[in-house]
Amino acid sequence: MIYLNGKFMPIEEAYIPVLDRGFIFGDGVYEVIPVYSRKPFRLTNHLNRLQHSLDGIRLRNPLSNEEWQNLLEQVIAKNEGEDQYLYLHITRGVAKRDHAFPANVPPTVFIMSNPLLPPPAELLVSGAAAITSSDNRWIRCDVKAISLLPNVLLRQLAVDVHALETILIRDGFLTEGAASNIFVVKDNVLLAPPKSHLMLPGITYDVVLELAAANRIPHEIREISEAEIRTADEILLTSSTKEIMPITSLDNKPVGNGKPGAMFTQLHALYQQYKATDMRGHPSGTASR
Ligand code: PMP
């Protein structure tokens with residue numbers, strides 16, 4: 001069951017008019033929220049990021065955080081599975097095709113849920129392959145816009161060579177993955193690129209850095225050069241649906257010794273522990289409690 005503009009319905013019955021600005025211009029924003037044991041994970045953080053994306057495209061938030069929470073809980077209840085991921089999508093509505101914002105047009109609001117499956121165990125044991133490419137996206141990558149054509153094309157480069165992700169480099173420095181954030185490990189220090197308009201502020205990225213701080217794992221938030229990516233001891237990928245994954249090959253060369261490393265093992269265990277604590281009903285807050 002999905003939610004579309006005030007109604008719940010089976011996805012097969014959900015349609016939008018062809019003049020929806022999401023269809024015509026890609027004029028909208030979205031969020032992906034993991035749900036564990038029927039409880040949205042880090043909901044406040046996701047709703048805050050949604051607000052940031054809406055502000056970035058100058059679209060008024062149609063709902064309060066309480067209303068979003070209520071609606072998302074209804075979608076979760078109407079779908080099967082303890083673990084789900086919610087996809088939430090808002091566009092600037094339906095109007096005659098014209099680049100200028102339409103006046104007094106209600107936004108289109110769409111929410112769907114899909115089963116959330118953990119990454120395959122064998123990928124956590126062997127690690128995954130990634131490739132690199134130059135980051136040719138716009139420079140508001142902090143906005144989670146539905147216009148994802150560059151991300152789609154960049155991810156496909158990885159798919160074409162049976163790799164998991166394309167790691168993006170802009171002006172000689174790491175930004176992120178086509179649909180993930182990327183960390184590098186060198187000499188037992190976890191390195192993370194600083195948040196900026198050049199990357200999406202990942203919710204999982206935040207959790208990982210909070211876990212590192214709370215557990216005294218040496219870490220630095222700073223620009224990471226292409227040379228540092230290529231000589232990394234470990235590369236880690238994070239996203240809401242993939243959690244934390246080890247990247248053990250980059251452009252067909254082994255990363256470090258080519259096996260998931262100690263930093264991955266520690267952070268993956270801490271992340272699973274944190275998720276479990278969160279599921280037992282503690283309010284979603286910071287990882288350092
Ligand atoms: N960067 C991009 C471009 C993404 O699409 C995603 C996945 N939504 C992320 C980073 C990771 O963000 P999060 O941890 O919030 O899923």
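Author: Between domain 1 and domain 2 the count is two salt bridges. The model is predicted, so local features need pLDDT of at least 70 and side-chain atom pairs count only at pLDDT 80 or more, while totals for chains, interfaces and linings use all residues. Residues are numbered from 1 along each chain as its sequence is written, and side-chain values use heavy atoms, with hydrogens and water left out.

Reader: What makes domain 1 and domain 2 two domains here?

Author: The bounds come from an automatic or database domain assignment, which gives residues 2-115 to domain 1 and 121-279 to domain 2. Their contact (heavy atoms within 4.5 Å) takes 25 residues from domain 1 and 23 residues from domain 2. The C-alpha centres of the two domains lie 26 Å apart.

Reader: How much area do domain 1 and domain 2 bury between them?

Author: About 2,100 Å², 61% of it on carbon and sulfur atoms. Buried area is the accessible area (1.4 Å probe) that two parts lose on being put together, summed over both.

Reader: Why is the meeting of the D278 and K39 side chains called a salt bridge?

Author: The term requires a side-chain nitrogen of Lys or Arg within 4 Å of a carboxyl oxygen of Asp or Glu. For D278 and K39 the N to O distance is 3.4 Å, so the pair qualifies. The whole structure holds 18 salt bridges.

Reader: How do you know whether D135 is buried or exposed?

Author: Buried means under 20% relative accessible area, exposed over 50%, and partly exposed in between (1.4 Å probe, protein chains only). D135 has 6% relative accessibility and therefore counts as buried. R137, at 8%, is buried too. These residues form a salt bridge with their closest N and O atoms 2.8 Å apart.

Reader: What class does E82 fall into, and which residue is its salt-bridge partner?

Author: E82 has a relative accessible area of 48%, so it is partly exposed. Its partner is R38, with the closest N and O atoms 3.2 Å apart. The two are 44 residues apart in the chain, E82 in the loop between α3 (65-77) and β5 (84-91), R38 in the loop between β3 (28-36) and β4 (39-40). Such helices (H or I, at least four residues) and strands (E, at least two) are DSSP runs, numbered from the N terminus. R38 is partly exposed at 32%.
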